[in-house]
Structure formats: C-alpha cells, structure tokens
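This report describes how one protein chain is put together.

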Amino acid sequence: MRRLRLIYTLCLPLGIGLGLSGCGFMRPPAAVEAPVPAQWHAPLPHGGSLASLADWWRQLDDPLLVELIAAAEAASPNVASAAARVAEARSTRIAAGAALLPNLDGTLSASRGVSGSSLGSGASGASSGSGGATALAPVTTLQAGLQSQWEIDLFGRLRADRDAARNRQESADAKWHDARVAVAAETANAYFAERACQQQLRVSESDARSRGETARLTDLSARAGFTAPADAALARASASDASGRLTQQRALCAVQRKALVALSGIDETTLEQKLAASPAQRALPVVGSIASVPAQAISQRPDVYSAELGVAAASAEVGSAEAARYPRLSLSGSIGRLQIRTSGFRESLDTWTVGPVSLTVPLFDGGTRAANAEAAKARYTEAVSLYRANVRQAVREVEEALVNLDSTNARATDADTAVQNYQASFDATQARYQSGLASLFELEDSRRTLFAAQTARVSLQRERTEAWVALYRSMGGGWARPESPSMTSNPTAKVATSP
C-alpha cells in the first residue's frame, strides 16, 4: 500500500505536467506574405527559363576567375564571420533542444578519517582509581549518486525557444551563402575592372604612339620649312596630352590590381603572372536562366530566405515571452549509495528521493515579463517589415540588372560599328594628311573621335559585365532553398519549414 501511494505521488504531477505541456500560446504568423509583382517589368533573356545558376562562373570558361573567387572566399573576413555565426547558432539550437529533456548529474565522493572511543580498565565499583585508554580506528566513507531535474514545458516556452533557435541557425546558414555570393560578385567585378583597365591601357598606348609619331614627323617637316610652326606646336601638344593620359591610365590599372590582390589574398607578383598567362578578353555567355515568375526567382535569394526565417524566429520568441508570464513546473529526484568502512566493519546505505515537485508562480515582477512580451512583439513587427522590404529590394535589383543587361546588349553592336567606321575614317584622314590633302586639325579631330569611340566601347563592355554580375547576385548566385530539388552546395544546409 505504501508503495502504491509512492507511485501515485510520483505519477500524478508528472501526468498533469505532460498533459499541460501540449498547451501553448498562440504565436503570430510564422510566415507572412510580401508584395511581389505578377510578372517582371523588364526584358527577360530568351523569354525566361527556370534553371540553376550554380555553374554561373564556369560558363565563362575562365579558370583564373574561378580560382580568384575561391581564394577570395577563403580570405574574406565576412565569410569567416558568417561561418562562425553558423557554428554559434548551431550550438544555441542544440542547447535549446536539450532544455526540453531531463538533465542528469552524477556525483562521487570519498573521505577518510579516524574515530576514537574511551576504554576503561579495572573492576567495576573499585575504590581505587582506574586507568583508561583511547582506541582510534580509521573510517572510510564512500558515496555515489545520480541527480536529475526536469522542467516540464507547461505552456510551450521551451519549445518556442527551440523553434526560434532552429530558425536562427537556418537563417545563419543562408547568410553564410549570401556572404559567399557577395564576395564572389565583388571579386568578379574587380577582375573584370582589371581586364577593362588593361584594355583601355592598350587603347591609350596606341593613341600615344600614333600622336607621338605624328608629332615627330610634323616637327621634321617644320624644320624643313614645309609645315607651319603652329602645326608642329599643335602636334607636340597632342602628343603630350596623350602621354599624360597614358600615365594616368597606368596608375589606375596599378591601383585596380592592388584591389584585386587585397580581395584574393594572392601575392601581387604571382597574380600578375596569372593574369599575363590568361586570355585578356572573353565573351560573356548568354543569360537564359531567369524564372519568368518573380516570386520563384527571388525565393532563390539567400538574403530573402534569411529574412523569412527571421520572421519565423521572431514569432517563436513572442510565444516564449508570453509563456514566461505563466507558472513553471519542475520535477527533481536522486538516487545514491553510502558506504562506511572501519576496522573490518562495512555498512552500505541506499537512498533515493522523488521530488520536490516545484511549481513556480510569478506573482509580482514590476511588469518585467509583460514588457519582455511587448518587446518580442515589437521585434516581430520589425522582422515582418524588414522581410517585406527585402523582397521589394530584391525585385528592384533583379529588374534593374535585367534592364541594364538588355540595354548593354543592344548597344554593343552599335559601339562595335562605330569603332570600325571611325577607324576607317581616321585611316583615310591620315592617308590624306600624309599626302598633303588634309590638315593637321582634321587629323587630330578624327583621332579624338576614334579615341572617344574606343573608350566608349571599353566602358560599355565594363558596364555589361557589371550588369551581368549584378544579375548573378540579384538572382541568388546559384543558391537554392534547402527544400528545393536542386540542393545548395553547402553540406550543412538544413530542411526549413514551408513558407
């Protein structure tokens, strides 16, 4: 009968706690809608098709660019910081999940000492004094035990903490991808800027050589009396102007190269050798991997997915803060064994306890818990606002990149045609000048026009690569949502809740 009462005492609060643990407070929606246009208001390459962008950089067939991006990701403090936040979030998630389970601690202790007793000698009741001695015996005490404590999740506070930690971890995973995409885009822009700078440098070198040769021939002609001194002065001024632009362009290229060195972490001498061994100009591949439905396209952005998970985490944190305002039930217990050894004597004692069953009821805290709940609701409102703003910004970035890419594609043919015809015009004017049928002013005007057209073409090519990279970044850089069939390259990605 005593044992039945003991079992009843143990099981009653445990059963009540398990029954109430299914109760939880209503959280605000973990997934919210964001305004997305029904269709793009920008031209899509080839009408748009849903495909993976994972091999985006390899489409260029430029191993050096792939190598530079990999080196930049390895050297980037932003990527390293994002990876550290992933590890921190994973540890927080594990700790939050463990709080739902009972904890168990073991204890071991040992001690040794002496115990003494007084022993009398002589007959009892003797009138004379009696002698006595103290007997000392060593005593060894050994003790082992297990102690357990469990907070029963009555109102879902611990489960809300676990859900929030899981969402934060998945958000950190997405931010790690976003950091990698940002570094890849920045490196690609720096690489293309380096290539464009070298191309403009070749244009400036050719222009400076041409003007210098014209100045030399004009000076010889002026000395012979066949050309007016004013024409010779004009030719020398033109050559000096071109030489100054060439010096400036070399400095710009040197600065640009140092930026690429800082990004990649590769030694400058080694980088120069790699750049020299790689072809300077590569055609950009045609982009045909844009989903025609904006909602499908921007859902593949890691920053949008991270903001979406931020809403879910904030929702769980509201539930946790609300549940903290209500009673908490915990159950503890222990078992142990105590053993005493002394002078051949050994005695063992087994003990166990169930309880106490502790119910903590918040009575007065000056409004702290209520304030915490209101703060959690405010953070949720902020997370929803940030998510929707992120979606709007994503739509804008994709459409801007599409417009710029389409514009540069349309202008490329005109730029090439302009350079070809201005080159033909300059060659003809130069031939007429050498034959005495054209003035130096005509030659210099034709040369300036050709140089401007060549510079404009280099700038247009640079603009096109920037639009191409911007489209790569705005479309998520090859990342795929963990629940998508095409899996992201990060092996630590976890399956997320459906939006």
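## Overall fold

The protein chain contains 10 helices and 4 strands. The model is a predicted one. Along the sequence, these elements come in the order α-α-α-β-β-α-α-α-α-α-β-β-α-α.

The protein chain has 499 residues, and 38% of them count as buried. Take the contacts between residues at least 6 apart in sequence: 85% of these join residues at least 24 apart.

## Helices α4 and α5

Two packed helices are described by the angle between their axes and the distance between those axes. For α4 and α5, the angle is about 160° and the axes are 8 Å apart. An angle over 145 degrees counts as roughly antiparallel, so α4 is roughly antiparallel to α5.

The crossing of these two helices, α4 and α5, is left-handed. Sorted by class, the residues in the contact of α4 with α5 are 17 nonpolar, 10 polar and 11 charged.

## The disulfide

How many disulfides does a search of the whole structure find? The search finds 1 disulfide. C197 and C253 are the residues joined, with an S to S distance of 2.1 Å. C197 lies in helix α4 (residues 157–223) and C253 in helix α5 (residues 229–264). The two cysteines are 56 residues apart, and the pair links distant parts of the chain.

The angle about the S-S bond is -110°, and the link of C197 and C253 is left-handed. Are C197 and C253 buried or exposed? Both C197 and C253 are buried.

## Helices α5 and α10

Helix α5 also packs against helix α10 (residues 440–474): their axes come within 10 Å and cross at roughly 15°. Angles under 35 degrees count as roughly parallel, and α5 and α10 are therefore roughly parallel to each other. The crossing in which α5 passes α10 is left-handed.

On the α5 side, the contact is made by D231, L234, A235, S238 and R245. On the α10 side, L440, F441, E444 and F451 take part. The residues of this contact of α5 with α10 comprise 5 nonpolar, 1 polar and 3 charged.

## Helices α8 and α9

Which way do α8 and α9 run relative to each other, roughly parallel or roughly antiparallel? The axes of helix α8 (residues 302–323) and helix α9 (residues 368–434) cross at roughly 165° and come within 8 Å. The two helices, α8 and α9, are therefore roughly antiparallel to each other. Here too there is a left-handed crossing, where α8 passes α9.

Residues of α8 in the contact include V304, A307, G310, V311 and A314. Those of α9 include A373, A376, Y380, A383 and V384. Across the contact of α8 with α9, the residues divide into 14 nonpolar, 4 polar and 6 charged.

## Residue A196

A196 is found in helix α4. Why does A196 count as buried? Buried means under 20% relative accessible area, and A196 has a relative accessible area of 13%, so A196 is buried.

A196 and L460 are 264 residues apart in sequence, but their C-alpha atoms are 9.8 Å apart in space. Leaving out residues up to four places away in sequence, A196 touches V458 and R462.

Key: Residues are numbered from 1 along each chain as its sequence is written. This is a predicted model: local features need pLDDT of at least 70, side-chain atom pairs count only at pLDDT 80 or more; totals for chains, interfaces and linings use all residues. Side-chain values use heavy atoms; hydrogens and water are left out. A disulfide is a pair of cysteine sulfur atoms within 2.5 Å. Buried means under 20% relative accessible area, exposed over 50%, partly exposed in between (1.4 Å probe, protein chains only). Axes are lines fitted to C-alpha atoms, for helices over the stretch in contact, and angles run from 0 to 180 degrees between N-to-C directions. Angles under 35 degrees count as roughly parallel, over 145 as roughly antiparallel, 65 to 115 as roughly perpendicular and the rest as oblique. A crossing is left-handed if the near helix is turned anticlockwise from the far one by less than a right angle, and right-handed if clockwise. Contact means heavy atoms within 4.5 Å. Ala, Val, Leu, Ile, Met, Phe, Trp, Tyr, Cys and Pro count as nonpolar, Asp, Glu, Lys and Arg as charged, and the others, Gly among them, as polar.
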